[in-house]
Amino acid sequence: MFRCSANCCEDNQASMQQVHQCIERCHAPLAQAQALVTSELERFQDRLARCTMHCNDKAKDSIDAGNKELQVKRQLDSCVAKCVDDHMHLIPTMTKKMKESLSSIGK
């Protein structure tokens, strides 16, 4: 990207607008890659957050039902740990998907 941008600036015949457009074209693949990774990580975080929110809801329901605080805390800890474990297993697939998508950018 930086070489491409530098080459844009070396064209003495190009107008400022042409140089700017050239640099924008050079930066496009990086912007696409950043957007792709950001989107994938946001999706992952959203899924994990929904799972932990479900655990919180179950804990609140359990407290409302009269269960003891220590018991509810243990259930909450167990539920959240399961969320993390379940989502850790998604990371290799997510990584593979991102690598495949990133390799197609700029081709």
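**Figure 1. Charged side chains across the protein.** For this count, Lys and Arg are taken as positive and Asp and Glu as negative, with His and the chain ends left out. On that basis, this predicted model carries 15 positive and 14 negative side chains.

**Figure 2. The overall fold, helix by helix.** What secondary structure does the protein have? It comes to four helices and zero strands, and reading along the sequence gives you α-α-α-α. The radius of gyration is 24 Å, well over the 13 Å that the globule rule gives for 107 residues, so the protein is more spread out than a compact globule. Along its principal axes, the C-alpha trace spans about 80 × 25 × 15 Å.

**Figure 3. A look at C9 and its contacts.** C9 belongs to helix α1, which runs over residues 2-10. Which residues does C9 touch, once you set aside its neighbours within four places in sequence? Those partners are V19 and I23. As for L36, it comes 27 residues away from C9 along the chain, and the C-alpha atoms of the two are separated by 28 Å.

Figure 4. How much of the protein is buried? Of its 107 residues, 17% are buried, meaning under 20% relative accessible area. Now for the contacts with a separation of 6 or more: 64% of them come from residues 24 or more positions apart.

Key: Residues numbered from 1 in each chain as written. Predicted model: local features only at pLDDT ≥ 70, side-chain atom pairs only at ≥ 80, totals over all residues. Heavy atoms only, no water. Helix = DSSP H or I, 4+ residues; strand = E, 2+ residues; numbered from the N terminus. Contact = heavy atoms within 4.5 Å. Rg over C-alpha atoms; globule rule 2.2 N^0.38 Å. Buried < 20%, exposed > 50% of the residue type's maximum accessible area, 1.4 Å probe, protein only. Charge placed at Lys NZ, Arg CZ, Asp CG, Glu CD.
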